[in-house]
Amino acid sequence: MERKRAKFLKSKICVWCGSSDSLCIHIPRTYSPAQVKSEIYSAAYTRFREICRQKYQKFERIPTGKHRHKSHPNWHKASTVHKTEPDHTDLEEQFTDVLLEDTGEGNFKKLYHEWLEETGINELIEEEVKKAEEECESLANAIVLCKRCHFASLRGMNLCPVCRKKYKSVSYETCFDCLPDEKKVGFRERQNR
């Protein structure tokens, strides 16, 4: 495997910053075996919660006294005075579910693990993790990053596309230094409040 990695890195540069120093192989999180396993478990858990609610629990839907209008989708009390007359068409009442009966008798964890075995989800997870591990070993989805860019990627950051020197959170378009002046002023005003 080490030879394969060395061969993969030979005569390559970092795909983000273009550096040729301290290169490493980076496999994006979406292709990692841990992420694949986590996503399948998450979907299975959500599905089992629905099944559990239908099969073992009884609920009563009770109105909360709140509603929302088509014109403004925030939940608020019916007694709220509006600045302008709201659109009362498609008025939606808010309800909450109150648990009346639970025939699963608090054995959610046990029932969940039995359900995973019965439906074969554990085997599916093992298969998908093996596939993901094989993809990782084949370096099919791998990219080359320098250690600095790799460290940033693990913390949810990437290189600023404008200056290509500083790192920024993936949720922002640019780093702070590359923001237009009016956005910087607005940000500083919000920060000083």
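Modeller: Let's begin with the radius of gyration, which is taken over C-alpha atoms and compared with a globule rule of 2.2 Å times the number of residues to the power 0.38. For 193 residues a compact globule would come out near 16 Å, but this chain has 26 Å. Its C-alpha trace spans about 65 × 55 × 30 Å along the principal axes.

Colleague: Where does the model come from, and how is it numbered?

Modeller: This is a predicted model, so local features need pLDDT of at least 70 and side-chain atom pairs count only at pLDDT 80 or more, while totals for chains, interfaces and linings use all residues. Residues are numbered from 1 along each chain as its sequence is written, and side-chain values use heavy atoms, with hydrogens and water left out.

Colleague: What average pLDDT does the chain have?

Modeller: pLDDT is the predictor's confidence in each residue, from 0 to 100. The chain averages 87, and 98% of the residues score at least 70.

Colleague: How many helices and strands does the chain have?

Modeller: Both are DSSP runs numbered from the N terminus: helices are H or I with at least four residues, strands are E with at least two. Here there are six helices and seven strands, in the order α-β-α-β-β-β-α-α-β-α-β-β-α from the N terminus.

Colleague: Is Cys52 buried or exposed?

Modeller: Buried means under 20% relative accessible area, exposed over 50%, and partly exposed in between (1.4 Å probe, protein chains only). Cys52 counts as buried because its relative accessibility is 5%.

Colleague: Which residues does Cys52 touch?

Modeller: A contact means heavy atoms within 4.5 Å. Cys52, which lies in helix H2 (residues 33-56), touches Gln57 and Phe108, leaving aside residues up to four places away in sequence. Cys52 and Tyr112 are 60 residues apart in sequence, yet their C-alpha atoms are 8.7 Å apart.

Colleague: Which residue other than glycine has a positive phi near 55°?

Modeller: That is Ser11, in the loop between helix H1 (2-9) and strand E1 (23-26). Ser11 counts as exposed, at 75% relative accessibility. Leu139 also has a positive phi, near 60°, and is found in the loop between helix H4 (121-138) and strand E5 (143-146). Leu139, however, is buried, with a relative accessible area of 6%.
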